[in-house]
Amino acid sequence: MVELSKSEEELINWARTQVKEPWLGIFRVAEKITRGSILTPEESEVAIPLSPFRADYRQLYFLFRELLPVFVFQPANLFIIVLDSEGKRIIRAYLQETRYSNFVSLKNIELSGQWGEKAEGFIAADDPRPLRDYLSDCFRDQAGEINWVMIANIRLFKVLKEILDGLESNGGLSDYLVNVYLALKKIYANGWISFSPTPNILARLEDIFRKDMIEYRSSDLFPQSYEPVSKSDIFVIVLRGRDFTVALRLDPRDPGNLTVDKEVYDRLDRIPFRKLAKAAARKTGAKMAIALSLDPVVNLLYELVSRPLPYGSDDQITILRKLLSLIKNFKRQWTICPSPIALKNYVRLPARLLGLPYDITNLADWFLPQVIVQGSGIALGQHFRTALIILEGTSVQAVIILEHYDGGLRKVKTFPVSELHPLFERTGPGYRSIREAVIKAKHLIWEKDGWISFAVSIQKNLLSELRSLLLGKKLTSLFRLPFAFPDLVRIFKLLRKGGMVVYPDISLREANKWVKKRGRFWVYSSLIQIPFTRKRPRTRGLLYVKSTIIAAVILGVIAGIILRLAAT
Amino acid sequence: MTKKEKVAIGYGNDRIECIRRAFSALGGIGRWVKPGHRVLLKPNIMSAIGTPTITHIDMLKGLYLLCREAGAKEVMVGDNPVCGMPARKHFEGAGYTRALEQIGCKVVHFDEEDWVYRYRPENFCLKDMHIPKAIADADVWITVPIAKTHEACVTTLGIKNNHGILPDEDKARHHRGRTEAGTSLWEKFVDILATCKPHLCVTDMFHAMEGQGPAFGKILEPRLVVASDDVVACDTVVQELMGIDSLTEAPLTRIAHQRGIGLADMSRIEVLGERVDNHRRKFIRAKWYPEVDTPEGLVVLAGDVCHGGCQMILRYLIDTCHIALGKEAREFGPTYILCGDRPPPPPEDRFVLVFGDCAIYSTWHYRYRRKPRKIGPWWSPRPGYADVPGCCPVQLGWLRGFANLLRGYAPLVSLFDGLEIVEAERYSFAEGVPLEKNPRRWNWDKEWARKYAREIAASRPPSYIYAANESIKGNRLKDGVRPVDMDVAYPREYSRIQTVESYSLISGNSKD
């Protein structure tokens, strides 16, 4: 064994108990599931190490089986090297053996012998490929080919300890995410972890942190942080794989608990896909449930993690195409309960008769990505910075600056709220005064941080109203629709009073003037035809006669019903 | 040979830093801007969206700071970017007006101010023009272009940026690009430079555009600013950084060099600051001909088309609408665009867009015009063909025609119908300008045009479009000669070419 300092010894002991043992436990249970053994009640639920989440073991197993090859690697032999604080000496080494993608064992590797010195030479030269080949040669008789090599600095464990300490001090989910962000920033700034070859997710994290794509300072946000999840509603996501179903329950009152009752979970397995979301919502008592077929989701996630960041325009077109293809396959690849009124047939067919032929299964997924990506380049430019100012009344809650380059998001950063606070404090009520404050804020940010192309201010209560309307049940049924009107009136009033202000807004004002001049119905009915594929009309034959007769019959029937009702 | 002109390149993390480095290499802006001077900056604000389409505001801020440090009394920013569009809308749309006023710059919208007449008989085609009074009164005026490729001129830099100092009436003149008729788009830009030369050229190459410039290309980030007091030399160095040869490929610098207005010979330019070799990169050129590389859904049938007129505007149409056209093609079939004099007939007699006066009147007898004007179901008929009149169809007039064609079937494009445009009858790219003096009656007198359409179509295109000497007319498509390869006539030979329909107060050459 190598001589360690006291702090290094403490970290190694901590890592053994808090990182190694829990993960070994997960692997052992996974092995049991692979063999088809029945799990004990203690083994049915697992706390995911270094996170506030708890999940069902079986669900976690299936999810890992599908997602691990996409995000990380196909399970294979992994050689783990732990370096000292200076990153030069190997202080620990482990070999994780895998057979047929299943965990077999985790062995401690003795550091005596020449292999350590030579490996340190490769590490110092920063040459991962020869190191991997060399380790394969050294340990071939023990485990075969070494497919992956992980090199971690012992200081990595200190950072992980800080995350766990943050969890134990009862911080919320947002605090946990901030701690993870800060930890990753430190790890990548110092190069405390490396993988060879680099798995997709780590390559993306490298892109984010090495290119400074996120610049966040907790001091830039106002003390009352924005909480995105409603406190009272439960959501369920059901994922149907080839031979399994996984259900994840999101309850804002207990955000770490993703488990679903085993009874419910077993029943969901037997329900056909089209009825899955409804069944999940009913059985779990959730406000909303969404069922997804896992294969297209995995396909989409692969596209997201395998492409370097920031995404170029071609990458965005491919990703959007896959996303829209998923959306297009409503009821075949995804369902939702309760389903929005716009997707219901009894609304869609009359709308079609009125000249609004929208059908989600006819979504032009072959065309829309280009429109979105190239159209936004033409309309917004290829390099622009947007400042999002979130207000609560006249108090600035957060300022987020988004930088776009070549259509992709290049950077997200925060701006000190205290700098803008005086500008909005003195604003009176009304759209114009908020607009003036937004213009001044835009110029102030220009002075301190660089030119802002668009400044957008949004009131927090507008966001809450929109969220409760969209996630509520009022837009899911014709009978409940009238109850949504007061919400809509409130939202429009908020907008008129400056709920959302965009500057420069001359293009929007010109567009609004033109829409009024042309007629809103004509414009919206024209716009609604764009995202959907239309069939080529024939220009000869009896087609139009037939369509005219059908339309006349339908209208005649409707007129007849109305007259009869009026007569009685 | 002794080095004659100096051009400085500044490199840095932001534009203001780059400008400072470039001017410190040149010896400071104080060599040109003296205490008490009034300085005018002329950027390229051709649209409301940001870089790399328009000059970044940090360039203006950086120059403003330098000028103030040099003791300038007033710094103004002015432009008249796009023919038919108010300059005010561009500045406000980009958010520049309030921002510039806040730092202390005065914003001048040239189209709202007075003009000063200038006459220079040595010019090739644009012998007289109007320039803004603000430029005439300024002690120093600095052109601040942004580095972009261009469909008609290969690049749009300092020389091309000067086009924005003219009023719309002068902009419309000599834009068609018929050298044999004594009119040339490229010569015109050099004429403007010869008449009103800026004191400094500071090119924003922090972000640049390659591909389908000047509006639809791809962004690059060289992080450079190039400055010089010789506009031509400055453009030459920028083109060198873009991988373009200024004497053989780029027409504007070639013509300006040949005329002796500036230096486009790299061997005679001293580059200060950064080295060109460290930053050179081959930019993708803009596609030139509309009938080549047309996107899916569009078939362009071009006859003899003016390269600075219908060809350039048609290229804009393709670049703007190509996304929508692909959808329309898949759903309804391709759209055929006829442009130029005597284009090939379309294979189908439906969804034909006839672009420009030459195409309208030379295809009057084509078969598609005998088909019903409306096709499709009774509740949403679509025109079988649509004419877009004009010589050439100006600005967004082509969108209106296109929208008419696709009404009811192509909502994406027909939404453009309501945009404000300048009517094709009022501003023609022919040499004649105002309505009363425009001899091309077919532009504004529809009855006359209808009455004599067959006679016009039966004969050659009106002979008064071209020079009196028909033997030098040439046919670009027949000979396969590209405009960029054509020899440029030297000033001493200009007198041999009779400019027809030239609107000139002095020569009185207008025909009523």
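1. Let's start with the sheet in chain A. Five strands make up an open sheet, and their order is β5-β4-β3-β6-β7, with mixed pairing. The edges belong to β5 (102-108) and β7 (193-196) of chain A, each of which pairs on one side only. From one strand to the next, the twist averages 15 degrees. Please keep in mind as you look around that this is a predicted model.

2. How do β4(A) and β5(A) pair, and over how many bridges? They pair in the antiparallel sense, over 6 bridges. The two strands form a hairpin with 2 residues between them. In that turn you will find Tyr100(A), which has a positive phi of about 50 degrees. To get your bearings, look for Arg99(A), which stands opposite Asn102(A) in β5(A).

3. A handy pair to click on here is Val149(A) and Ser196(A): Val149(A) stands opposite Ser196(A), which lies in β7(A).

4. Helix α1 (residues 6-35) of chain A lies across β3, β4 and β5 of that chain. Its direction is at about 155 degrees to β5(A).

5. Which of its residues are buried? They are Trp115(A), Gly116(A), Ala119(A) and Ile123(A). Viewed down the axis of α4(A), these buried residues fall within an arc of 90 degrees, so they line one face of the helix.

6. What do the buried residues of α4(A) pack against? Their partners in chain A are the strands β3 (78-83), β4 (90-99) and β6 (148-153), together with helix α5 (128-143). On the face turned away from the buried side, α4(A) carries the exposed residues Glu117(A) and Ala124(A). After the helix comes Asp126(A), whose phi is positive, near 60 degrees.

7. Finally, a word on chain B. This chain has 18 helices and 19 strands. It contains 512 residues, of which 64% count as buried. If you take its contacts between residues at least 6 apart in sequence, 72% join residues at least 24 apart. Chain B exposes about 18600 Å², and carbon and sulfur atoms supply 50% of that area.

Technical notes:
Residues numbered from 1 in each chain as written. Chains lettered and ligands numbered in written order. Predicted model: local features only at pLDDT ≥ 70, side-chain atom pairs only at ≥ 80, totals over all residues. Heavy atoms only, no water. Buried < 20%, exposed > 50% of the residue type's maximum accessible area, 1.4 Å probe, protein only. Helix = DSSP H or I, 4+ residues; strand = E, 2+ residues; numbered from the N terminus. Arc of directions from axis to C-beta. Contact = heavy atoms within 4.5 Å. Pairing = 2+ DSSP bridges. Axes fitted to C-alpha atoms, helices over the stretch in contact; angles between N-to-C directions. Areas by Shrake-Rupley, 256 points an atom, 1.4 Å probe, with all protein chains shown as cover.
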